[in-house]
Amino acid sequence: MGQTLTEKILDDHLVEGELETGEEIGIEIDQVLTQDTTGTMVWLQFEAMGLDEVQTEIAAQYCDHQTYQFDFKNTDDHRFLRSAAGTYGAHFSRPGNGICHNVHKENFAAPGKTMLGSDSHTPTPGGLGELAIGAGGIDVTVAMGGAPYYIEMPEVVNVRLEGELPEWATAKDVILEMLRRLSVKGGVGKVLEYTGPGVETLSVPERTTITNMGTELGATSSIFPTDEKTKDYLARQGREEDFVEVGPDEDAEYDDEIVVDLSDLEPLIAEPSMPDNVVPVREVEGVEVSQVMIGSCTNGGYEDILPAAKMLEGREINKKTEMIVAPGSKQASEMLARDGWVAEMMAAGVNFSEATCGACIGIGHVPASDSVSLRTFNRNFEGRSGIDDDSVYLCSPEVAAAAALKGEIVDPRDLADELGDLEDPGFELPDEYDGSKADLISPDEAVDDELVKGPNIKDVPLKDALDAELSGENLLKMEDNITTDHITPANADALMYRSNIPEYAKFTLTRIDETFPERAEAADGGVLVAGENYGQGSSREHAAMCPMYLGIDAVFAQSFARIHKANLFNFGIVPFIIDEDTYAKIDQGDELTVVDDIREGVESGQEEFTVSVNGDWEFTATLDASERERDMLAVGGKLPWTKQRAQGG
Ligand code: F3S
């Protein structure tokens, strides 16, 4: 039986396991990417592993999310990140050089390679035939240390593209159509593999708009085969040598198939406040628009901005509307400036911003209250723009430019009829991408050889290997559905300590009990007890790291949320499962002692452990863990485990 492209790339990189849907596989990682909000912890963990240099072919550190400096903390973070990249052999992209996915696409993305990134839109280079997956910081750290990445073998779905996009329909409309059909949950546990005759009608930047926003479908990754268009794009970026032909076998078998006829598409728009609230633009014509923004990792390329610039040439935007263009990379800004398009847009009334994520996460250009903002971004979750009552629509640059001209939402086909001289600008690649590389520092050009840590950057705490004895006071008894936000709050006051675990730990579980951190410290650690679904919510690693720092050795819960349970293993905390009756009987303040030799039990695959409560009564706690998770627990978590393996231990 033939293989899909996803299977081929995974097979080429397979280190452990078999390519059976749902089975855990270990794969070798060729490239890693990290950005400024997740990168500090990635490098602090890398330092804690005690390795000298990155082991992947490419490691790249970008500074894109928080490039506006409000106080010393972001600047300190960026200085630390440059020093870490220089010290350990990664590429460093300076603040203002652009969004990680755009700059990575321009400089490093390569067909047939695997990539792991600590950012959810990491799958963007799938448009060039690279299998790229978003992951937690610690996964990126260990991959950078040369260890495999473990993942459940996803389903592979064939998204067959037919026909050709008609006038005014764009790649953004392809992915909006996918969201309309599948919803934001439709891609979970799946790789979306694009095939069919429609593929060759799309250029690489159009393909990366589609793969980028596969994340909004919840997909593990999205990928296109390579062809002449890929070769041509790489040649224009001066990287023809990175081209290899990759694609599925003709008789590849997929888990599912979706057909999208490109010729049926029309301009679409996602209404507030979910990327899958998709309707034809014509259904919402006439809505007054206060702000229009073009940019982001989805539609911030030179080729994305050019059509909007052409539509604005010789015209002025509506007086009711503000328009901001924030290119995805400095390469795009520089080329648009050199070709005269920046001046053209400014003359039309556009405010030109630096290349940054910025507004996409509510940093800068926050819309006015109770107003409509039309954006070419990928997410419009309520409040993400920086104001609670926002009303953000997502669309293509063409629809955004049309709205800026009209002052209200309008299908560009209707605006063209109204104006008489507005033509579909089409989608064009420059002959050569000739932006400067001044802001990209390669490992050979590194200007640092030691880590520079500002006062808010503290070493990562490590846990000792598991002892034979595990005993401690139940420091907190919690209800069902405790979220990672309860465990480590994500408000601005707390989050500014994301690179400073001793400070961040002072916020641990304070949403439930203000005295918890003090009590934990006074007792020199202990254990926690919770009901069902402990640790639901975000994948935040701090929710395991901060309790670990405070000396928590085990959590006894009726059940755990999947990602948080993995994080507990990663940071050496034993996640025991207990039944409802046991939960009801344990009180806060009880002394819990595992009667068995815990270290031996964990290592030997023991699943049931006897636990004594105050020496008065006993219960059975279950440990449900894979061999790898048991190995990690025994040595104190994923970092020490990876370190030992790297040293051949
Ligand atoms: Fe940045 Fe927004 Fe993309 S935060 S990485 S532009 S999704």
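**Figure 1. Confidence of the predicted model.** The mean pLDDT of this predicted protein model is 95, and 99% of the residues reach 70 or more. For the complex, the predictor gives an ipTM of 0.99 together with a pTM of 0.92. Where pLDDT is low, predicted coordinates should not be read in detail.

**Figure 2. Domain 1 and domain 3 in contact.** The protein is divided into domain 1 (5-264), domain 2 (268-419) and domain 3 (471-646). Between the C-alpha centres of domain 1 and domain 3 there is a separation of 32 Å. The contact involves 19 residues of domain 1 and 14 residues of domain 3. On the side of domain 1 that touches domain 3, at least two residues are supplied by each of the helices α2 (36-49), α3 (72-88) and α5 (137-144). Helix α2 provides the largest share of that side, 6 residues. By class, the residues on this side of domain 1 comprise 9 nonpolar, 7 polar and 3 charged.

Figure 3. Of the 9 residues of α7, 8 are buried, so the helix is largely enclosed by the rest of the structure. The buried positions are V204, E206, R207, T208, T209, I210, T211 and N212. The elements that cover them include the helices α4 (100-107), α6 (171-182), α8 and α9 (296-299), as well as the strands β10 (190-195) and β11 (221-223).

**Figure 4. The buried face of helix α8.** Which residues of helix α8 (residues 228-236) are buried? They are K229, T230, Y233 and L234. Viewed down the axis of α8, these buried residues fall within an arc of 130°, and therefore they line one face of the helix. Helix α7 (204-212) is included in what covers the buried residues of α8, and α8 in turn is among the elements covering the buried residues of α7. Just after α8, G238 adopts a positive phi of about 75°.

Note on methods: Residues are numbered from 1 along each chain as its sequence is written. This is a predicted model: local features need pLDDT of at least 70, side-chain atom pairs count only at pLDDT 80 or more; totals for chains, interfaces and linings use all residues. Domain bounds come from an automatic or database domain assignment. Two residues are in contact if their C-beta atoms, placed from the backbone, lie within 7 Å. Helices (H or I, at least four residues) and strands (E, at least two) are DSSP runs, numbered from the N terminus. Ala, Val, Leu, Ile, Met, Phe, Trp, Tyr, Cys and Pro count as nonpolar, Asp, Glu, Lys and Arg as charged, and the others, Gly among them, as polar. A residue is buried if 20 or more other C-beta atoms lie within 10 Å of its own, exposed if 12 or fewer, and partly exposed in between; C-beta atoms are placed from the backbone. The arc is that of the directions from the helix axis to the C-beta atoms. pLDDT is the predictor's confidence in each residue, from 0 to 100.
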